[in-house]
Amino acid sequence: MTTRLALLACSLSACFLFARESGRLEAPPGAPVDVRLGCALAESRCTRCHTIDRILSARVGSPAHWQDYVHRMRLQPQSGILPDEERPILDCLVFRSFGADGLATLGAR
Amino acid sequence: MKAALVVMLLVAAAHAQTPPEADKAVQRNFAGSIQFDYLAVPTERLARPTTLDAATVEASLKVAVDLTDKVSANIKMCVACHGPELGMAYMDLRAADELNIRVGRFTPAFGSFPQRHDPANHRTSDKPLPYDMGRMLNYRDWNEGVLPAPWVDNGLELDGVHFFGGSQFDYAAYAIGGPKGNADGYDFDYTLSRSGASYYVDNNSEPSVGARAALTLRLDDDASLALGASGMAGHYDPQAKLAFWIAGADMVLQVDSVFLRAEYLIRRTQIAIGDDPLATFKYGPVDGKFDDHILKDGFYVEAEAPVGRVDLIARWDGLRRWGNELATSTLRENSVLLRYTAGAAIRVVSGVRIKASVEAYDFSDLPDELAVHLGVTGSF
């Protein structure tokens, strides 16, 4: 059993040594300040219930899709996402997925 | 009460109806997770008789559909040691932020941890002891935790959220089938809740009911404190004669990306004394009478802090059980288990984490044990 565990540990450690991931919800280069702030907010609020990977791996087809998604998440118990924080978080996620053009489809705040 | 629930459902459904939005496509989200975990027990030559050691896999696949901005549906399939199960199959009909009706098969609002029960959403390979679902050592002797998570049941839940200032208030009230047991019940029998042979229906024609309230206070931009209280009650035997109640309190303190979590659960369960209690039970009567209740409680305190790509976790949790025991039981009239866990979840690439933890078990009635978890969790 100890040998099996050691082999498994070595294999997993190798993955760790070669890994190059920040694990942050980073705004793309050139993103407006508001978007950067929204990403920092999303990282703080969303990790109350799940890892940031859930956001990074989400398959979202349109800005409107993100809109429904973030709204549904805000209404989760103990989400900690206040009504006026929904839009900054949405801006971050839409900009990351669809760039400035996607952000423009959401309209004014 | 049943008629009132139906009326409330119809009223909420009427409020939830909005004009069809022809220009808005139905939004679907697919998500899933896989956890491979290897549990080694260095203090036992052969641990299988007392725990589900060695390699286990937990997997889930979920689809969430936003039909309109007020109606959504969730379906989630889970596969774990117990085989394939339906973890979610419900509709949310939202009349307002403060009023949502959830109908179908879901995890009723109880405590804080169940919201993070998916292996991809919490950092250790297993769950805190009050919510253990068969991964703890000697799980048969202890009959798992106080309320195994995720508790999945058929029913109806009213819930809502209200924001005021920088704070958030959540509530939920529900009626579900409830835990099940036998007519000569001595405790819940969790296998009956996931048995096709006994059907996925209420076993006693009487719903169990529960409620939860939670308050999340914003302390400053990077800090919040959430406090919650939960309760559930009902009967668990086929004749609806054996009562139970569960109460819980929980706290989550977040400061920047550091979390401190604590929960306490307590369950009082009525047991069937039977015709020959002297032969059935380990302990005799007190003042000529057998106590027909057992009490089980549990707690956990957990700190989680990210250091680069590594999330460090330290947890202290425990279970306690008071009351008579079956003559064959290894436990005593007052048994205690304390567990100390140190762990790390290492982000390898996007969506993939290595989880490692060491657990020291301190049993009052059984030999102390050491357990080591090593695994990989992926979310997609």
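Hi everyone. Let me start with what I mean by a contact: two residues are in contact if their C-beta atoms, placed from the backbone, lie within 7 Å. Keep in mind too that this is a predicted model.

With that in hand, chain B. Of its contacts with a separation of 6 or more, 60% are between residues 24 or more positions apart. As for secondary structure, chain B holds 16 strands and 3 helices. Its radius of gyration comes out at 22 Å, close to the 21 Å from the globule rule for 380 residues, so chain B is as compact as a globular protein of that length. If you like boxes, the C-alpha atoms of chain B fill one of roughly 70 × 55 × 40 Å along the principal axes. And 42% of the 380 residues in chain B are buried.

Now, the place where the two chains meet.

Finally, a word on confidence in chain A. Its mean pLDDT is 83, with 77% of the residues in chain A at 70 or more. Among the elements of chain A, helix α5 (residues 83-105) has the highest mean pLDDT, 93, while helix α1 (residues 2-17) has the lowest, 60. Thanks, all!

How values were computed
Residues are numbered from 1 along each chain as its sequence is written. Chains are lettered from A and ligands numbered from 1 in the order in which they are written. This is a predicted model: local features need pLDDT of at least 70, side-chain atom pairs count only at pLDDT 80 or more; totals for chains, interfaces and linings use all residues. Helices (H or I, at least four residues) and strands (E, at least two) are DSSP runs, numbered from the N terminus. The radius of gyration is taken over C-alpha atoms; the globule rule is 2.2 Å times the number of residues to the power 0.38. A residue is buried if 20 or more other C-beta atoms lie within 10 Å of its own, exposed if 12 or fewer, and partly exposed in between; C-beta atoms are placed from the backbone. pLDDT is the predictor's confidence in each residue, from 0 to 100.
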